[in-house]
Amino acid sequence: MNDREKQVVERTVDFVRRELSGAESGHDWWHIFRVWKLAERIARGEDADLFVVSLGALLHDIADAKFHDGDETIGPRMAETFLHAQYLPENIITGVLNIVRFVSFKNRKEKPAFPSIELQIVQDADRLDAMGALGIARAFSYGGFKGREMYNPDIAPAPDMSKEEYKQSESTTINHFYEKLLLLKDMMNTDTGKKMAGQRHRFMEKFLRQFYSEWEGKR
Ligand code: ADP
Ligand code: NI
């Protein structure tokens, strides 16, 4: 990245930190920070535009639909307004907005505007942050925020929900593992992402085994 690009990245960091102050702790600035750093790391193994990757990672959750009555246009619109105010070339703006629009797990059955390694990288980074120890912490943070039950053996998981069903699901946090978290490892795009996902996946499986034995009072 050249100096001008680094400056824009810094302005974006300030903007995102300000916008997300007070957000639920699974979706706050620190989630963005982790995804940004992970995306940089994954990008090192790929032939990608690091400027687009950084801006995409920083802006990817600028206004999550689930905290805005399901409105999925707010995030991309805010990102677009911000990017235009930075006087960036049109191809950079298009590349970043392609990430902001299509990164989300709930949109996994939709095709992006165009294929892009930068989108694949940010997607892997975002998915990794939903796995492993951090993924577990985020799931219970979100479940608590929503007042959900941690676990209920009488409610079966539904791993094949449509997008609308997924958005409206009020299922338990343990079920969320089967409806999303354990599906992520087979959805990774890059080699680095796949490798890191394998490790985080095994950690979640171990956590679940321990959780069930404690639930039954066996350990
Ligand atoms: P995306 O932003 O890619 O659409 P989500 O919003 O579904 O993905 O997930 C963002 C974070 O919130 C993840 O860490 C995810 O595990 C957590 N989360 C989302 N839905 C639930 C849920 N029903 N129960 C527990 N955690 C959830
Ligand atoms: Ni995210």
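This report describes the surroundings of two ligands in a predicted model and then one residue at the start of the chain.

The model is predicted, so local features need pLDDT of at least 70 and side-chain atom pairs count only at pLDDT 80 or more, while totals for chains, interfaces and linings use all residues. Residues are numbered from 1 along each chain as its sequence is written, chains are lettered from A and ligands numbered from 1 in the order in which they are written, and side-chain values use heavy atoms, with hydrogens and water left out.

**Ligand 1**

Around ligand 1 there are 16 residues, of which K66, S104, Y166, H176 and K180 come nearest; a residue counts as near if one of its heavy atoms lies within 4 Å of the molecule. By class, this shell holds 6 nonpolar, 3 polar and 7 charged residues, where Ala, Val, Leu, Ile, Met, Phe, Trp, Tyr, Cys and Pro count as nonpolar, Asp, Glu, Lys and Arg as charged, and the others, Gly among them, as polar. Helix α7, which spans residues 132-145, gives the most to the shell, with 3 residues; helices here are DSSP runs of H or I with at least four residues, numbered from the N terminus.

| Residue | Distance to an oxygen atom of ligand 1 |
|---|---|
| S104 | 2.4 Å |
| H176 | 2.7 Å |
| K180 | 2.8 Å |

Taken alone, ligand 1 exposes 540 Å², and the protein buries 93% of that, with accessible areas coming from the Shrake-Rupley method with a 1.4 Å probe.

**The nickel ion**

Ligand 2 is a nickel ion, and its protein donors, H31 (NE2), H60 (NE2), D61 (OD) and D126 (OD), lie 2.1 to 2.2 Å from it; donors are N, O and S atoms within 2.8 Å of the metal (3.2 Å for Na, K and Ca), and water is not among the atoms, so sites may look incomplete. Along the chain these donors follow the spacing H-x28-H-D-x64-D.

**Residue N2**

N2 lies in the segment before α1 (3-19) and is partly exposed, with a relative accessible area of 42%. The side chain of N2 reaches the backbone nitrogen of R4 at 3.2 Å, and a polar atom of that side chain lies 2.8 Å from the backbone nitrogen of E5.

Terms used:
A polar contact is a pair of N or O atoms within 3.5 Å; within protein, one must be able to donate a hydrogen and the other to accept it, and residues adjacent in sequence count only if both atoms are side-chain atoms. Helices (H or I, at least four residues) and strands (E, at least two) are DSSP runs, numbered from the N terminus. Buried means under 20% relative accessible area, exposed over 50%, partly exposed in between (1.4 Å probe, protein chains only).
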